[in-house]
Number of protein chains: 2
Amino acid sequence: MKVTINDVAARAGVSIKTVSRVINNEPSVRPATRKKVQDAVDALHYQPNLAARNLAGSRAYTIALIYDNPNAYYVINMQNGILDACKARGYELLIHPSNSRSESVYQELEDLVLHSKVAGLVLTPPFSETPSVIDTLKKLNVDYVRIVSKTADLEDSEDCIQVDDTAAAFDLTQHLLQLGHKRIGFLCGGEEHVSTYGRLEGYRQALEQAGIPVEDDLVLKGEYSFDSGVQGAKKLLGQDNPPTAIFASNDEMAAGALFAARLMNIDIPGQLSIVGFEDSPFSRQTWPKLTTAHQPNNEIAKCAAALVLSKARGHTAAESGSASKEAGIKREFTPELVVRDSSGPAPAE
Amino acid sequence: MKVTINDVAARAGVSIKTVSRVINNEPSVRPATRKKVQDAVDALHYQPNLAARNLAGSRAYTIALIYDNPNAYYVINMQNGILDACKARGYELLIHPSNSRSESVYQELEDLVLHSKVAGLVLTPPFSETPSVIDTLKKLNVDYVRIVSKTADLEDSEDCIQVDDTAAAFDLTQHLLQLGHKRIGFLCGGEEHVSTYGRLEGYRQALEQAGIPVEDDLVLKGEYSFDSGVQGAKKLLGQDNPPTAIFASNDEMAAGALFAARLMNIDIPGQLSIVGFEDSPFSRQTWPKLTTAHQPNNEIAKCAAALVLSKARGHTAAESGSASKEAGIKREFTPELVVRDSSGPAPAE
DNA sequence: AAATCCGATGACAACGCTGTCATACTAACC
DNA sequence: GGTTAGTATGACAGCGTTGTCATCGGATTT
């Protein structure tokens with residue numbers, strides 16, 4: 001029932017070490033031998049014992065996803081993307097929601113790493129953008145991949161996934177501009193997220209290019225939440241000269257803005273256009289459906305996980321090699337504009 | 001940096017076995033010794049190595065959550081609940097989304113169990129209600145807790161968490177009845193979920209009690225999804241004599257129904273009342289806010305995890321004991337009616 | 001006071017694998 | 001044909017725990 005490396009070795013007529021070599025894809029095994037072993041593995045449905053591998057190799061076969069995000073869709077997408085990448089390579093995923101405002105993260109990270117529970121980490125904002133967290137990780141000398149907004153600070157040597165919030169926000173804003181909107185309100189996300197600033201910057205650049213000054217009254221602080229969207233929109237729409245369009249920093253906020261507009265009996269998109277950001281499933285379930293920027297979270301996560309795993313593997317093969325000062329791998333994603341029903345021509349004056 | 005049991009033993013001046021005894025809460029350790037060890041553990045911030053424990057003890061310190069649910073809020077709530085329970089006891093969680101329609105689950109479950117990756121499993125619908133899955137688990141002789149609809153088949157000896165869908169659906173229907181609705185449409189969830197039948201049963205019972213016949217035309221098959229809600233509501237509302245209220249089997253479907261009503265220019269709750277089920281965060285983000293039944297998924301999951309963990313522990317202490325035919329522990333949850341804005345008095349004829 | 005028992009503790013093997021190093025083998029060289 | 005590089009393989013020692021069993025000492029019994 002329970003197949004171990006010994007069974008495989010016996011069946012293949014080789015030592016367990018050779019079996020180990022084969023399953024770890026190490027060199028120096030004759031093709032014929034490799035095949036014998038592979039056949040035995042297949043026949044017995046052998047799968048290495050994770051715990052034993054961890055213990056013996058001191059490298060883990062598990063990676064962790066660290067996050068602090070109230071957005072269920074976001075998290076699920078990330079998880080599934082990573083899981084995809086893990087499955088392909090026989091790794092497992094430990095999920096690790098944590099509170100970015102509490103100090104406990106450091107302790108938790110140390111625990112994960114020092115007890116060799118994980119071979120690497122995938123970090124999402126805001127952790128991926130918190131210098132003290134990154135420092136801790138560096139000290140612990142563990143592999144990690146940061147998923148960050150493109151504008152975040154990075155060292156050359158770090159691997160990371162960058163999301164170009166600015167470019168996407170630029171497109172979104174330009175879309176509104178092209179519809180004839182001149183007064184566009186902007187609802188900021190949480191200040192602990194770098195994406196908040198990136199998106200704001202895109203908005204600014206688009207206005208600037210159109211020769212429209214950025215009015216402070218139209219840019220409101222907030223958080224990436226539905227409620228914040230409601231509050232922000234109310235405030236914006238209660239002004240003497242309200243905007244004809246609202247750029248909400250994510251879909252949840254946009255849904256909140258929609259809700260507020262509804263409360264105030266404002267027709268969308270007739271009297272007011274609203275755009276979101278992320279293209280979560282939920283942006284297709286509001287009324288009207290949201291115009292937004294599609295952020296491929298699943299892909300992003302898969303890519304991040306693949307990076308972590310390739311690093312983890314690397315240690316065995318290369319390790320000794322170069323002084324680790326090579327440039328890290330960077331991958332960039334730019335969310336794409338998705339036009340739906342919540343944006344329309346600016347109302348006539 | 002990396003503290004092992006040896007360090008603790010050295011510091012406490014005892015053997016590693018004694019340290020092991022203390023951290024596993026085994027008897028036969030003098031209080032004085034126990035304290036010495038405990039102090040050393042605290043001083044060194046010792047945490048047992050999971051991999052070593054797994055390997056040596058052949059019992060894992062990880063549990064898995066098995067699910068196949070497109071509802072992100074549901075999944076996240078479950079995860080967080082379980083994580084809470086795990087953290088308190090030093091366990092880790094492996095998440096395991098899977099496809100209930102594919103055959104691969106069996107293989108995956110075997111893998112998880114046979115390689116002692118997990119000490120136990122928490123199953124959510126539809127897996128928790130699929131006989132062949134449960135059989136597999138029994139054969140594998142692994143601890144599991146099923147989260148099921150109360151009407152699902154169970155053996156006495158099984159631990160499980162039951163959700164009384166029927167009672168909650170009854171309450172929800174009665175709420176509509178009391179508002180004067182006589183024609184209430186019912187949108188069923190997926191047929192692979194037992195809860196689908198439980199909820200329908202509650203609806204039936206309430207109508208029956210009110211002396212209103214159940215009309216086949218008003219009960220539509222569907223799935224627990226937004227789109228299914230849209231389709232169902234369209235169909236219902238397109239009838240010659242459309243219902244004045246719609247019972248959607250979950251919040252997502254209800255949101256879909258809301259969307260459909262909106263498309264058809266039907267005022268909610270003026271012309272039509274809609275109720276959902278689950279009270280996901282999302283039910284507060286629709287317009288109008290949904291009347292629904294609050295299902296405490298977080299609590300449910302926490303409870304399920306606690307049960308699994310207590311079983312896992314039990315094996316060490318008791319094991320040899322009784323013939324395992326004791327009655328399993330059952331916990332019951334009944335979702336509670338939450339009245340919001342999507343339900344109102346039936347329109348005058 | 002000797003015999004008995006039980007609670008407290010430790011020595012040591014085992015868990016299934018990987019890392020290290022030694023050894024056997026093969027091919028290539030002069 | 002004998003030597004020299006490799007290249008392929010295996011023996012063996014851990015990795016950090018837990019489980020088993022032996023041992024020690026003090027309390028209880030006779």
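Analyst: Helices α10(B) and α11(B) cross in a right-handed way. This is a predicted model, so treat what follows as a reading of computed coordinates. The contact brings together B:F226, B:S228, B:G229, B:V230, B:A233, B:K234 and B:L237 from α10(B) with B:E252, B:M253, B:A255, B:G256, B:A257, B:F259, B:A260, B:A261 and B:L263 from α11(B). Sort those residues by class and you get eleven nonpolar, three polar and two charged.

Now for the geometry. Two packed helices are described by the angle between their axes and the distance between those axes. Here α10 covers residues 226–237 of chain B and α11 covers residues 251–263 of chain B, and they pack at an angle of about 45° with their axes 7 Å apart. The pair therefore counts as oblique, since angles under 35 degrees would be roughly parallel and those from 65 to 115 roughly perpendicular.

Let's hop over to chain A and look at a residue in helix α11 there, A:G256. Apart from neighbours within four places in sequence, A:G256 touches A:F226, A:G229 and A:V230. A:G256 has a relative accessible area of 0%, so it is buried.

A polar atom of the A:S249 side chain lies 2.6 Å from the backbone oxygen of A:L187. Beyond its neighbours within four places in sequence, A:S249 has contacts that include A:F186, A:C188, A:Y224 and A:R199.

The contact between α8(A) and α9(A) divides into six nonpolar, eight polar and three charged residues. Helix α8 (residues 165–178) and helix α9 (residues 194–209) of chain A pack at about 40°, with axes 7 Å apart. Those two helices are therefore oblique to each other, and α8(A) passes α9(A) in a right-handed crossing.

Definitions and conventions. Residues numbered from 1 in each chain as written. Chains lettered and ligands numbered in written order. Predicted model: local features only at pLDDT ≥ 70, side-chain atom pairs only at ≥ 80, totals over all residues. Heavy atoms only, no water. Polar contact = N/O pair within 3.5 Å; in protein donor to acceptor, adjacent residues only side chain to side chain. Contact = heavy atoms within 4.5 Å. Axes fitted to C-alpha atoms, helices over the stretch in contact; angles between N-to-C directions. Helix = DSSP H or I, 4+ residues; strand = E, 2+ residues; numbered from the N terminus. Parallel < 35°, antiparallel > 145°, perpendicular 65-115°, else oblique. Left-handed = near helix turned anticlockwise from the far one by under 90°. Nonpolar A, V, L, I, M, F, W, Y, C, P; charged D, E, K, R; others polar. Buried < 20%, exposed > 50% of the residue type's maximum accessible area, 1.4 Å probe, protein only.
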